[in-house]
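User: I would like to learn how to read a helix, its packing and a nonpolar core from coordinates. Could we work through one example together?

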Amino acid sequence: MEIKQLNFINLVELNAPICFVEGPLKLCFIAGHSSRTDVEKILTNDFRTQVQNALHNLKIALQRQSMTSENVVRTNLMIVNPNQDKLKIWEEEAKKVWRNSQCPTITLIPVNRLLFFNMLFEIDAIAVKHEYC
């Protein structure tokens, strides 16, 4: 694949960088998104709310590249001390995002702690779109 353009941007309001590669396919590599933003630095202690907010931030990052959740082909989930309740919450929230399409491939990475003290969830993603779409 011939790379026409390689770009790095930092979405300050989401506190996460994005790299996108344009060629015959547009590839978008989205760094870990939590429910934290630079605008509102407060993290709730509620796992479901953190998942919802992180998915919302992911949606914003995708929109900046003219993409949607349907373009996401790969995700990594970082969950602090995962258990069945947290995995059930993730599944319920993921079904809301990927309603009309299959959920992308997922790797769960159990962690003891994330960057911020009360951060419980983080997601990163790879999205793909044909250049002419």
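This is a predicted model: local features need pLDDT of at least 70, side-chain atom pairs count only at pLDDT 80 or more; totals for chains, interfaces and linings use all residues.

User: How many residues does helix 2 have, and what span should they give?

Analyst: Helices are DSSP runs of H or I with at least four residues, strands are runs of E with at least two, and both are numbered from the N terminus. The expected span is 1.5 Å times one less than the number of residues. Helix 2 (residues 84-97) has 14 residues and should therefore span 20 Å, in agreement with its end C-alpha atoms, which are 20 Å apart.

User: Which residues of helix 2 are buried, and which are exposed?

Analyst: An α-helix has 3.6 residues a turn, so residues three or four places apart point the same way. Buried means under 20% relative accessible area, exposed over 50%, and partly exposed in between, with a 1.4 Å probe and protein chains only. In helix 2, K86, I89, W90, E93 and A94 are buried. Seen down the helix axis, these fall within an arc of 130 degrees (taken from the directions from the axis to the C-beta atoms), so they line one face of helix 2. On the other side, Q84, D85, K88 and K95 are exposed.

User: Which residues have the most contacts inside the largest nonpolar core?

Analyst: In soluble globular proteins, nonpolar side chains tend to be buried together. A nonpolar core is a set of buried Ala, Val, Leu, Ile, Met, Phe, Trp, Tyr and Cys residues joined through side-chain atoms within 4.5 Å. The largest one here has 28 residues, and those with the most contacts inside it are F47, L55, L58, L62, W90, F121 and I123. Helix 1 gives the largest share, seven residues.

User: Where is N71 placed, and is it buried or exposed?

Analyst: N71 sits in the loop between helix 1 and strand 4, and it is buried, with a relative accessible area of 16%.

User: How many disulfides are there?

Analyst: A disulfide is a pair of cysteine sulfur atoms within 2.5 Å, and by this rule the count is zero. C28 is buried at 0% relative accessibility, whereas C103 is partly exposed at 35%.

Notes:
Residues are numbered from 1 along each chain as its sequence is written. Side-chain values use heavy atoms; hydrogens and water are left out.
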